Each structure stands twice: as structure tokens, then as C-alpha cells.
Amino acid sequence: MTEKETNPKNDMVDDLEDLKNYTDELADFLPVAFCVVNPLNCILEVNNFFEVLSGYEKVEAVGKRVENLFLEREEINSLIEEVKKEKGKVEKELTLITKKEETVPVDVSALARESEDGFVGFFLTIMDVTEKREIEVKMERELAKKTKELEEKAKQMEDSRSALLNILEDVDKSYKEAEKERSKTAAIIENFIDGMMFFGADHVLSIVNPKAEDFFDIKARDVTGRDLRELSTFPTLKSLINFIKGDGKIADLFREELKINEDFYLEITTTGIEEDGEHLGTLIHIHDITREKRIEKIKSEFVSVAAHQLRTPLSGIKWTLETFLEEVSEEKGKLNEDEETLIRKAYDANERMVNLVNDLLNVSRIEEGRYIYEPEVVDILDFLNPILETYKEAIENKDNLSFKVNKVKDSFPKVKIDAEKIGIVVQNFLDNAIKYTDEGEVVLSINMIDDNIRISVQDEGVGIPEEQQERLFNKFFRAENVIRKDVEGSGLGLFIAKNIVEAHNGEIGFESTEGEGSIFYFTLPIHKGKEKGFIEEF
Amino acid sequence: MKKILIIEDEKIIRNLIKKKLIERGYNVQEAENGEVGMVKMKEDKPDLILLDIIMPKMGGFDVLREMQKDDNFSNIPVVIVSNSGQPVEIDKAKELGVEDWIIKTEFDPREVVDKVVDHIGEPDLKNNQNQ
């Protein structure tokens, strides 16, 4: 050491030696591959990390041409060219080929070395960027993924936005359509030829159209928003409200007649409005039938007058023939048997005409609602016996026909009836039984069913074809099989009978089998003393 | 002899009733409408009147009303002989003092005579025989 200290040359050599060691140590310590390259591109020196990264031992690496270490020949060549030319620092991303011929992504930096003589080679650092690349790739992927997600989200939002806009547009459209429908409905209700009212489920009036305003002389603004009870205080509405008011709710009515006064009749129909099983309210439909009623009345009056006028000549004929026949019997020999038969036939034909006219008169009175007149309390047997006596004779005069009266009891409770009219019903049943039975038995039965007396007439006659049975009580209806049989009849008898029985709150009906016979029956409620007469309204 | 006045516009009917009543022994006057009927009534007061309702000039109800106004006629029994026979009409007629009501198509001339007998009895046959 002392020697060295004394010899500056030695000192210098030592210093250089120290420096070299220092740089070698430093180079070996650096966590980056490093090599020194001469101007001919041959490696002169490498550090430890170069050995680790490339897999080449120092001895193998030294002397190797640096360009052979990389996959991208052109790139490394251009890098070397650049470093030689620029004499500064140049960087590139390249791929290192290791001894095991594996590839490693690397960042390469070259720094030119210069001396007084000029370019003397360059340093090359090779940094393994595998992880960095992986991270980069991963981040890129992540970024792409996130971008994609964002794009998707944005697209979804865009879609939702347009969907929302579409919905809004649809809502607007439906609203407009509903509005249009509403105005259409309102216009229909406003201009409807009939009166209309609508009560909500709470029985509060919500709609009144102009026609209904006219009918009841009211203004919609005065009556809407009011319930049934409040409305019944309006004098012009009272009759309608009482008419439609059922048991705590609006009654079910179908074309029921409401008389406002002699010159004004309405027909009322109520319709419950429901949606998905929920009761929304009731629509009241009001139709003016005054004109129909007037025509009906004129028609009835016409029939009534015509029938009266017809009766005059008919009674003239009747009385003349009657007198004629009487005198023939008194003064025998004036007419021979054939002549007398002819006169008798004319008399019978006239009688049928009289009956037909009577039936027509009765029908017109039924239609005028003034048919049942004087109900009186009677004993049904006292009432029936004289009729049955007459018929017993008539039936027994007919060959092959017998008559039986079947009473379940000797006495029955009293009934309150218009005896003349009920007589017409019994006679009608018996007349039919006789007319349409050629052979067999006619049985009249009287019995009690609950609080009703039931009178029935059973025959063994032609019966009524099944398909025509439901029309049997219609006005002017005659079954085909009896028309063929050519027995006289107006087709009014059962219609009249039905009206009479129903006006007495009784029931009328029949059972029949074509070719075997029929049973016709009607019931009369028994009279219960104090109870108000059930037909007094007539 | 008991006198019957028939006020009826239908000639056939009128004649038939008249014939039957005369046969039975009554004295019969006839009138073709209410107006003539009132005149005949005043000329010779009848014991019973057979009266139609619907007639030209003066109908049956008008005749009844006129008779009600005159004490001389208000007590004469009246039997209506009409084509019609509605309960309302019958009630109205009863209020005007009518005794009975016959519907032509449901009766014959002989029964009309029976009704007359029911109300005023047989004709005074003695007088009749004297005639």
C-alpha cells in the first residue's frame, strides 16, 4: 500500500482497478440486463442479470453479435444505426430470444459511447417487460371490458330512454283516444233519442241527458250529485224514483210502463253496469211510449165500437130467427124438416158470430185494463154448481163422452172473485174439452194446494202438439191439429182466460200430450177476510 | 091495460118485441129515438119503458136524465135493452134509476117479455079482454 502510495502510476492502476470493480459490482447489482457492445456490434461485457434473463453464460455471451439476440432484426439494426448516428440514447420495444429459444418482451435502451477517437460502441440495457406487458394487456382487456360494459350501459340507457319516450307517446296517444272515445260517448248520450240517467254504485245520479231533462222538466246541474232520497224530493222526479227504487237499491226493470199522467207514458229499463265483477252503477233507459199507448187506446176503442156495431145486426138476426123457429114449432107444417134444419144452422152460425164478437170485446177491454170489475166473496161450489149442471147435460148428450166432477172436499174456503169472469174461464176449459174430444171422459177436479183453490179440467182429446204449446195463450192462436179438425174457435178463449186468472193473482197452465189428451188448470188464492181485496185495483 | 113504451132505433128488434108484448096482452107504444120517446111519454104515460142506449138524435142516457128532471116520469120503471153491457154503463144507468139491463145478443124476445112481467106483473087481462 505504501508502495503504491509512493508510486503514482501504481496508484492510478489501483484506482482503475477499484473503479472497474465498482462498476462491475454496480452492473451486477442493477436489476436490469446490461451489456457493452463494440462498434462491430459484438458484445464485450454483460452483467449478472443479463445471464439470468437471456440464459447465456457470460463466456457464451461475449463476442455474440447483439442483433442475433432479438427477434425483430430490422428493428434492432435500425436501433444500432440510430445510436451510431445520433450518438445519444435510443429506446425500442423488442423481443429477446433466450438461449432456450424462448421469447421475452423487453424494452431496449442503447447509449452511444464516445472517446476522443469518436464512436467506440454502445451500452445496451434490456429490461424484462413481461409483467408490464401482461399488466398492460390485462389493463387493456380490462379497459376494453369496462368500455364495452359502459357502452352496453349507455346503450341500455339509450334504449330505456327511447322506450320511455315510446311509452309516453303511447300514453299520450291512448289518452287522446280515450278523450276522443269519451267525447263520442258523451255526444251519443247527449243526442240519444231516449232519456238516459246513470247512477253510480252509491246511488248518486251522475249523468242526465237532455232528453231525460225534458221528460222530467229538470236541469242536470240541479239533480246530478244527489242520491235517490234527495231526488225523490223533486216533484217531477218523484214518480220515477219511487218506480226504480227497489229494496235499498235500484230495481231490475225491463221495459216497465210508468204512467206520468193520462197523456204521458214512459217505458223504463234499468241495466246494472259491471266491469271485472265490480258494480259500477246503473243505467236508466227511458223511452217515451205515449204515442204507442195512444194508438193502443185508439185500436181498443175501434175494436170496441166495431164490436158494438156488429152486435146490432147480429141481435136482429138472432131475434128474427128465434121468433121464426118458435112460430114454426107452434104452427107445424109451415116448414118441412130440411127447412127447419137450415134455419137452425143459420141461428147457430149467428150465435158463433155473437160469441166471436163478445170475445173481441173482452179482449179490447182487457187491453184497456178495465176488464175485471166487481170482485165478490163467493163459495166456489155454489158458484160452480150451476155451470156444471149445464155442462153435464151438454156432455151427456154427446155420444161416447162422459163427465165426472171430482171434489176432494165437501166445502172449500171462500174466494174473492169476479164471478162472471171466472165463469168464463171454467166454461172455456169445459168448451175446449168437449170440442176437442171425440171419445172418452171429461173430469173436472176441485182441490186445495196450500192457500189456493185449484180447478182443473182433464180430457182425452186431441192434445196440443209439443212445439206449439208455448204459444197456446197467445191472442188468436189456434193449434194446427185443431184447425185441421175444423172445429169453431176464435183463438181468443185461452188468452182471455189467462188474463182473467192473472188479474185474480192466480196461475193458469196445462199439461198435454198430442193424441192422448190435456189437463188445464187454474188457481185462485183463498180470501183471507181482513186482507185488502187483491183485485180492487181494477 | 098496462102500457109499455119501446124506445129503440132498430126496427126489427122493435117490431119483434112489440109483437111478443102484444101477444102477451100489453098495450105497446113505440118510438124510433129518444126525442120521439119523450113526446110519446108525455102524450100517454107508460107503466114501463124498454130503452135502447145508442140511438140517433137522443140516446138512452139523455132520455134517463130528462126523466129524472120530471117528477111525473122519474118513477117509471126502465129496462135497458142494449147491444152493450159494460159494467160502467150498467152502474151509470142504475144511478139514473134503471131497474134492469138486457143485452140483446144474450137474450131473446121471449125473455124480454119475462123481464117485463117480473117488473110490472102480468098485463091487466080483464081490460084486455074488454078491448
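In the predicted model, E106(B), once its neighbours within four places in sequence are set aside, is in contact with R311(A), K318(A) and N358(A) of chain A and with E111(B) of its own chain. This residue is found in the loop of chain B that runs between the strand β5 (100-103) and the helix α5 (109-120). E106(B) is classed as partly exposed, because its relative accessible area of 45% falls between the 20% limit for buried residues and the 50% limit for exposed ones.

Of the 131 residues in chain B, 51% are buried. When contacts in chain B between residues at least 6 apart in sequence are considered, 63% of them join residues that are at least 24 apart.

The interface between the two chains can then be described as a whole. In total, 20 residues of chain A are in contact with 25 residues of chain B, and the two chains bury about 2000 Å² between them, with 55% of this area on carbon and sulfur atoms. Five residue pairs are in polar contact between chain A and chain B, both residues being at pLDDT 80 or more, whereas the count of salt bridges between these chains is zero. On the side of chain A that touches chain B, the elements that give two or more residues are α11 (290-330) and α12 (337-367), and α11(A) supplies the largest share, with 13 residues. By residue class, this side of chain A divides into three nonpolar, eight polar and nine charged residues.

Attention may finally be turned to the nonpolar cores. The largest of them comprises 49 residues, of which I380(A), F383(A), L430(A), L444(A) and F522(A) touch the most other members. For F522(A), if residues up to four places away in sequence are not counted, the residues touched include I422(A), V425(A), V426(A) and F429(A), as well as I453(A), I455(A), V501(A) and I508(A), and also the charged residues R454(A) and E507(A). Apart from this core lies another, made up of 27 residues, among which are V46(A), I76(A), V90(A) and F122(A).

Conventions:
Residues are numbered from 1 along each chain as its sequence is written. Chains are lettered from A and ligands numbered from 1 in the order in which they are written. This is a predicted model: local features need pLDDT of at least 70, side-chain atom pairs count only at pLDDT 80 or more; totals for chains, interfaces and linings use all residues. Side-chain values use heavy atoms; hydrogens and water are left out. A nonpolar core is a set of buried Ala, Val, Leu, Ile, Met, Phe, Trp, Tyr and Cys residues joined through side-chain atoms within 4.5 Å. Buried means under 20% relative accessible area, exposed over 50%, partly exposed in between (1.4 Å probe, protein chains only). Contact means heavy atoms within 4.5 Å. Buried area is the accessible area (1.4 Å probe) that two parts lose on being put together, summed over both. A salt bridge is a side-chain nitrogen of Lys or Arg within 4 Å of a carboxyl oxygen of Asp or Glu. A polar contact is a pair of N or O atoms within 3.5 Å; within protein, one must be able to donate a hydrogen and the other to accept it, and residues adjacent in sequence count only if both atoms are side-chain atoms. Helices (H or I, at least four residues) and strands (E, at least two) are DSSP runs, numbered from the N terminus.
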